Amino acid sequence: MEIQQFLSVPRGAAIQGIPSGELKMYVIESKGGAIACMLLSLFFLGTWPAVMTSLERRGRLPQHTYLDYSITNLCAAVLIALTFGQIGDPKPGQPNFLTQLSQDNWPSVLFAMAGGVFLSLGNLATQYAWAFVGLSVTEVITASITVVIGTTLNYFLDDRINKAEILFPGVACFLIAVCLGAAVSSSNAADNKRKLENRTKDQENGNGTIVEAEYGTADFLIELENKRAIKVFGKSVWIGLVISFFAGLCFSLFSPSFNLATNDQWHLLKKGVDRLVVYTAFFYFSCSCFVIAIILNVTFLYRPVLNLPKSSFKAYINDWNGRGLAFLSGILCGFGNGLQFMGGEAAGYAAADAVQALPLVSTFWGILIFGEYRKSSRITYSLLVSMLLMFIIAVALLMASSGHRKNS
């Protein structure tokens, strides 16, 4: 794998005598390195929603969870900037992180910060959508909108460096998988309704027995509703779908905004000013994401939505139930986004949108941890397998479309 190395030692040089100029900034430059970043990012971005969902299902208020998540999400960006973006001497046209903080690059900074706002709004919205339509369906809907809008915008912003004959068939496969995902949701909802109706009939006939709730049973669904923070029984599924579509629209815009921040396709920077290095852009991106998250969630503590109970900043500070997992979700999301951008800068942001196949990972965790689709019908299982196979094909095509950016 051809990756720019941290350390380049001249032949015969002693370790103690390495000149300072031999230590170079760590930059992903090869297609293989970019794909490795995308795959690792795919795992991280598909895992953190499952971690956060588990906390809501335990009854922890989403406002508390998102505030914790935001702290470590920002810490991940700062860590990346101060290590990958600062260690070593700069390359031509690629200053170190701290150097760029003092440069007159505000047009690019504003694009990066706009991307952070879009991401923060999208992630905040999905936290509520998961409760209404489930982890798998929410991720499928948001990923589909992101691919259709975001990937198309990135393809043209990247001056078409990706192979269109491979890229857009991958987008088409994604859309097919989305249709299958909607069918899975509809079939699974019908299965759950049938379970609840049969349970009611058994109780009316005196046939109901008290047993430990198993995944996929009506008793499990009722037990989950009693524990969780966001109550969904009796509420329209359209609430979750509308929230999911809004989140998908936000997600579709954050990657193109970041693309504009790092490549200045509209030539807004002054002559002689370097474009933002991916690490610096990610820092500004994460800062705006953090600010929006703090403002909105502190507001939601005192003015909650969807009939959630009121809380306070003091109650949040004292809520240590599940705080470690909330911190973990922020770390996973932060490093996942950073790796996505590192891969996109090398191979094109359209190809990096292959990480939107994260429903593959989320569905796996949904089945393993939350018992989604347990005791469902054969039709639901068939649709689920078809959806996952189509996602695998889609992500393979998007990664195969990777090009190579020419840094002139």
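What follows is a chat about salt bridges, a helix pair and a surface patch.

A: First, the ground rules. This is a predicted model, where local features need pLDDT of at least 70, side-chain atom pairs count only at pLDDT 80 or more, and totals for chains, interfaces and linings use all residues. Residues are numbered from 1 along each chain as its sequence is written, and side-chain values use heavy atoms, with hydrogens and water left out.

Q: How many salt bridges does the structure hold?
A: Seven. A salt bridge here is a side-chain nitrogen of Lys or Arg within 4 Å of a carboxyl oxygen of Asp or Glu.

Q: Which side chain does aspartate 319 meet in a salt bridge?
A: That of arginine 60, at 3.2 Å, N to O. The pair links distant parts of the chain, 259 residues apart. Aspartate 319 is in the loop between helix H10 (313-318) and H11, and arginine 60 is in the loop between helix H1 (31-58) and H2. Helices are DSSP runs (H or I, at least four residues), numbered from the N terminus.

Q: Is arginine 60 buried or exposed?
A: Buried, because its relative accessible area is 3%. Buried means under 20%, exposed over 50%, partly exposed in between (1.4 Å probe, protein chains only). Aspartate 319 is buried too, with 14%.

Q: And what does lysine 270 pair with?
A: Aspartate 104, with the closest N and O atoms 2.9 Å apart. Lysine 270 lies in the loop between helix H8 (237-263) and H9, and aspartate 104 in the loop between helix H3 (97-100) and helix H4 (106-133), so the pair ties together parts 166 residues apart in sequence. Lysine 270 is exposed, at 55%.

Q: New topic. How do the axes of H2 and H9 cross?
A: At roughly 165°, coming within 9 Å (lines fitted to C-alpha atoms over the stretch in contact; angles run from 0 to 180 degrees between N-to-C directions). That makes H2 roughly antiparallel to H9 (angles over 145 degrees).

Q: What about the surface? Which residues form the nonpolar patch?
A: Val148, Ile149, Leu153, Leu175 and Leu249, with about 360 Å² of accessible area together (Shrake-Rupley method, 1.4 Å probe; for residues, only the protein chains shown count as cover). Patch residues have over 30% relative accessible area and no salt bridge; nonpolar side chains (Val, Leu, Ile, Met, Phe, Trp, Tyr) are joined within 5 Å, like charges within 9 Å.

Q: Where does the largest share come from?
A: Helix H5 (residues 135-157), with three residues. Leucine 153 lies in H5 and counts as partly exposed, at 38% relative accessibility.

Notes
Helix = DSSP H or I, 4+ residues; strand = E, 2+ residues; numbered from the N terminus. Parallel < 35°, antiparallel > 145°, perpendicular 65-115°, else oblique.
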